[in-house]
Structures are given as structure tokens and as C-alpha cells.
Amino acid sequence: KGTLGAANFSTRHTIENTTFGVVWRNRAVSDYLFLHAKLNDPKEFWLTVAHDRRSDEALVTAMDVENLGHHRPGLDAYWQNLVTDGRVATTTLSDYYARLSREAPCSPVAASWASQEDELRNNDPYALWKSPSNAVHQLQWALVDAVLSVVDQHRHSLDTATEDALDRALASDGFWWASAQPWWDATIIVRFARQLRAVAEKLCATKEERAAVERAYQAVAATVREWEASGAVAQRQNSYLAPHQRIRCMAGGILTSTKKTTP
């Protein structure tokens, strides 16, 4: 319903008017594990679970696998110690779901693993990837639309290599690093835009199609340069960080509105 910490982990949920099952993750404990866990103090993990009060019987966590040892070296060993602890019995999601006795339908609001309550109130559920307030995001998606239009017109020319290139170019990183909330990397943004443009070029598009894609690409690149030169990036980052005071990064660094500390 757009409220953090409200999921009930003892209820079997299905999407309303369907038989499609839903399993929620415990965001508080999941975020603790890959952002805050003290790798030399596993006792704090148990205190975190107890403080949450919702996962005494079953705890569902989820995170990107690269957090286990890549972003945070040592978290893989910490995780292994937790799941092999005598107080823990691991199970599959299907077995967990089947054990739940209470049932209830639900209608989840549009959201992501990162959505904040204020973003949902402002109808901005995908702020890190497709925010209506982010001009770079809008131009990136205009480029995507232009490239996919070429793909639709030239499906007969698609081969495996081009399909793979399209998949890579559509990866979420290109949008995430353009959010400036607070993440920003001009090199990554432009690289993904180039990859999208290259897909259209491979498909033997018409002169008009290539021109449309090129205009969309140049609009992204020019706006990225403009944002950096004008200070718009820093302004957007500070505006986002100000009410949060501090944001902990996946690799252990801390961001604030006046100082950036990288790992």
C-alpha cells in the first residue's frame, strides 16, 4: 500500500482476482545485511531481527548477489555464517509459501526495491530509473523508444548478437547512474546511450531512422554535458540528500549533502 514496514510475513498473499502468489522481502533486514552489518559482530544481526518484530518465525531477505563479497568484501563469509547457524533452518520460497495458513489478496502499488514513501506519494515509483522530474531520464527513454522502433521495423534482420547487444544496452545501470539521487556517472550514461545507438546502426536502418536515433542520442549526450557544466547534477544530489542527512553506500561509504565519502 506504499507504507514501509507494513508487510505481514505470516500471510500467504496473492494478487487480487488471480492465483498469482506474492512473497515480500523484509526490506529492513535485507538493507541491514548489505548496508549496515558489522562483519565482526554477528550478534547485532539477531538484535536487528528482534527489533523488526515481524520475522521471528520466517525471514525473507533479498539482495543483488554482487553484494556478497564484491561490493562488501567479507559479507559472503558473514552470510555463510548466518545461514549455517544452528538457530537457522533455510528453506525454499515454495516451501515457505506452502506453510503459510492465513491467506489474503493484495493489490501492490507500483514500486521498486528502492522506492521511498515520499516518492510513491509524488507518483514517482521508479525515481532511480524513470523519474518524471529527471530530464536525462526522459531523453534516455526517448532514445530507447527510437531504437525499439527501428528494431520493430527490422525484426527480420535481428540475429543473436544484435539481440544480445540490445539486452546489454537496456540494462538498468544506464538509467540508475543518471538519477543523480544521488548516483551520477556521465561516462556510464553516455556509454549505454552509445550502445543503444549501435543497435540501430547494426539493423541497416533507413536514413530517416538513423537520423531519429542520432538526434535522440545527441540529446542525451548534450544534456549530460549541460547538467555537469551548469551544476544541475550537484544541485539535484544535494536536494535529494538534504532531508536524509546521510546515505550509506553498498560498499560502505557514506554520502551527505555537503560531503561525499567513497569506499
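1. Starting with the second largest cavity: its lining splits into seven nonpolar, three polar and one charged residue. For the classes, Ala, Val, Leu, Ile, Met, Phe, Trp, Tyr, Cys and Pro count as nonpolar, Asp, Glu, Lys and Arg as charged, and the others, Gly among them, as polar. The lining residues are Asn8, Phe9, Thr11, Arg12, His13, Val22, Val23, Trp24, Tyr96, Tyr97 and Leu100. Strand E1 (11-15) and H4 are the elements giving two or more residues there, and E1 gives the most, with three. The space amounts to about 40 Å³.

2. Before going on, some ground rules. This is a predicted model, where local features need pLDDT of at least 70 and side-chain atom pairs count only at pLDDT 80 or more, while totals for chains, interfaces and linings use all residues. Numbering runs from 1 along each chain as its sequence is written, and side-chain values use heavy atoms, with hydrogens and water left out. Helices (H or I, at least four residues) and strands (E, at least two) are DSSP runs, numbered from the N terminus.

3. The whole structure has two cavities of 30 Å³ or more. A cavity, on a 1 Å grid over the protein atoms alone, is a set of points where a 1.4 Å probe fits but cannot get out; a pocket is an open set with protein on both sides within 12 Å along at least five of seven lines; lining residues have an atom within 4 Å of a point. Volume is the space filled by probe spheres set on the points, which are joined across faces, edges and corners.

4. The largest cavity comes out at about 70 Å³. H6, helix H8 (173-176) and H9 each supply at least two lining residues, and H9 has the largest share, four residues. Gln140, Leu143, Ala193 and Leu196 are among the lining residues. By class, the lining has eight nonpolar, two polar and no charged residues.

5. Those helices also pack on each other: H6 (residues 135-153) and H9 (residues 186-202) sit at about 20 degrees, axes 9 Å apart. (Axes are lines fitted to C-alpha atoms, for helices over the stretch in contact, and angles run from 0 to 180 degrees between N-to-C directions.) So H6 is roughly parallel to H9, a label for angles under 35 degrees.

6. Finally, the second largest pocket holds about 770 Å³ of space. Its 24 lining residues include Ala58, Leu59, Val60, Val88 and Ala89, which lie nearest its centre. By class they are 15 nonpolar, five polar and four charged.

Key: Parallel < 35°, antiparallel > 145°, perpendicular 65-115°, else oblique.
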